[in-house]
Each structure stands twice: as structure tokens, then as C-alpha cells.
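My entries follow in the order in which I looked things up.

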Amino acid sequence: MKRIIGLAMAATAMMATIAVAAPKTGAPAPAFTVAASDGKTYSLSDFKGKPVILEWTNDQCPFVVKHYATGNMQASQKAAKEDGAVWLTVISSAPGKQGHVSPEAANKLTADRNAVPTAVLLDESGVVGQAYAAKTTPHMYLIDEAGILRYQGGMDDKPTTKHDDVKTAKNYILAALTEWKASGTVTDAETKPYGCSIKYPD
């Protein structure tokens, strides 16, 4: 009996490891279907044929505040969309935890900050975030037109909350999009994400 219990525990541990394993760059991005703040439901497959950028966010995180207060995130959203990409902002904060917002509050944040994502996805269960092994806010991903993950990591190369650092930082997500569209490759395909931990359900 002890051996059976031990095997069961080992199997459970292996499943848990698989569940949180980061998706592989160069492999198909995890599929998802999730409700958004606009009342619609979006699936990754809806955007086949277009590059998709995923941005994990928490409006109370000082690292996120840096990018929005300086206008860097909004400018990046605008530039990416003008370059033909879909931009999906994802909120994986669980109810009762920092960064969780109602659909109405999410829409107000978007309007108040002059943000221009294609949609704001409300991942209250954390299923989407965990499928992507998203760790921080912000945590960024680029998915190509065929649904292949091409970039995952930080917003830029300045892992600080200092607003002035935005001016001299390398914007990894826009660089990845530009390079992918020009050459079909991404030099910095994986970088270390930085920011606040995502407040997943317990």
C-alpha cells in the first residue's frame, strides 16, 4: 500500500510539474479561451494570421505603473497594432487579491490611461497565466501568425521601477515583433521577466 501511495504521490508531483512548465519558444503557444472586459470571449485561434502580443498586468504593481505612467506601454501597444499585431492585456489576479478588477474597472483603467489594447482578458482562475507560466507583471509574449511562440520574457532590459529608465531601455517586445516581421527570426527570443509576482488563486 505504501508503494502505491508513493507512486501516486510521484505521479501527482509530475503532473504538477508539467502543468507549470513554461511553454517552449518555437513551439505552438498554449491555446486559450477567456472572457474579456468588453463582455466578449476571445480565443487565441481567433487571431490566426496575425501576430499576437500578450501582456500580463496588475495596475497596482510599481513596475507596471512605470510603463503606464511614462506612456511606454501605451506607445508600445499603438506601435504594435499599427504594425499589424493584436495586443491582449491579461489580468490573472484572483478575486480578493491585488490587481483584481471588475470588467467595468478594467475598462475604466484602459480609458483613464489612454491604453489601446485589442482587448483586456480577465483570467480570474489563472488558467491562462499558468498555461504560459507567466510569473510577473509585466510578462510579455509574442506569438506569430501561425500560433508559434516566438518571444517570452521581460518588457525591456531595465528591471527597475525608475521612470527615467524607460528612455534608455531596449524594448524587447517591439524589437521581437519588428525582427520577426523583417526576417522571421528573433535574436532575443527569451529574456528574464521582471516585476511583481502574479497574484494567482491559492
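**Charges.** I looked up where the charges of the protein chain sit. The mean positions of the 21 positive and 20 negative charges are 5 Å apart. I counted Lys and Arg as positive and Asp and Glu as negative, leaving out His and the chain ends. I placed each charge at NZ of Lys, CZ of Arg, CG of Asp or CD of Glu.

**Ground rules.** This is a predicted model, where local features need pLDDT of at least 70, side-chain atom pairs count only at pLDDT 80 or more, and totals for chains, interfaces and linings use all residues. Residues are numbered from 1 along each chain as its sequence is written, and side-chain values use heavy atoms, without hydrogens and water.

**Overall fold.** I found six helices and nine strands in the protein chain. The radius of gyration is 17 Å, close to the 17 Å that the globule rule gives for 202 residues, so the chain is as compact as a globular protein of that length. I took the radius over C-alpha atoms; the rule is 2.2 Å times the number of residues to the power 0.38. Helices (H or I, at least four residues) and strands (E, at least two) are DSSP runs, numbered from the N terminus. Along the principal axes, the C-alpha atoms fill a box of roughly 60 × 40 × 35 Å.

The accessible surface of the protein chain is about 10,000 Å². Carbon and sulfur atoms account for 58% of that surface. The areas come from the Shrake-Rupley method with a 1.4 Å probe; for residues, only the protein chains shown count as cover. Of the 202 residues, 46% count as buried. Buried means under 20% relative accessible area, exposed over 50%, and partly exposed in between (1.4 Å probe, protein chains only).

**Contacts.** I took contact as heavy atoms within 4.5 Å. Among contacts between residues at least 6 apart in sequence, 75% join residues at least 24 apart.

**Disulfide.** How many disulfides does a search of the whole structure find? It finds one. My cut-off was a pair of cysteine sulfur atoms within 2.5 Å. The bond joins Cys 61 to Cys 196, with S to S at 2.2 Å. The pair links distant parts of the chain, 135 residues apart. Cys 61 is in the loop between β3 (52-56) and α2 (62-69), and Cys 196 is in strand β9 (residues 196-197). The torsion about the S-S bond is about 90°, so this disulfide is right-handed. Cys 61 is buried at a relative accessible area of 0%. Cys 196 is buried too, at 13%.

**Helix α2.** Which residues are buried in α2? I noted Phe 63, Val 64, Lys 66, His 67 and Tyr 68. Their cover includes β3, α3 (72-82), β4 (86-91), β6 (136-137) and β9. Gly 71 follows α2 and has a positive phi, near 85°.

**Positive phi outside glycine.** I noted two such residues. Asn 114 has a positive phi of about 55° although it is not a glycine. Asn 114 lies in the loop between α4 (103-112) and β5. It is exposed, with a relative accessible area of 59%. Ala 133 has a positive phi of about 55° and is not a glycine either. I found Ala 133 in the loop between α5 and β6. Ala 133 is buried, at 10% relative accessibility.

**Cis peptide.** I found a cis peptide bond between Thr 137 and Pro 138, with omega about 0°. Pro 138 is in the loop between β6 and β7 (140-143).

**Gly 126.** I located Gly 126 in the loop between β5 (119-122) and α5 (127-131). Is Gly 126 buried or exposed? Gly 126 is buried, at 0% relative accessibility. Leaving aside neighbours within four places in sequence, Gly 126 is in contact with Tyr 200 and Pro 201. I also checked Lys 81: Gly 126 and Lys 81 are 45 residues apart in sequence and 26 Å apart in space, C-alpha to C-alpha.

**Tyr 172.** Tyr 172 lies in helix α6 (residues 172-183). It counts as buried, at 16% relative accessibility. Leaving aside neighbours within four places in sequence, I found Tyr 172 in contact with Tyr 151, Gly 154, Met 155, Asp 156, Asp 157, Asp 188 and Thr 191.
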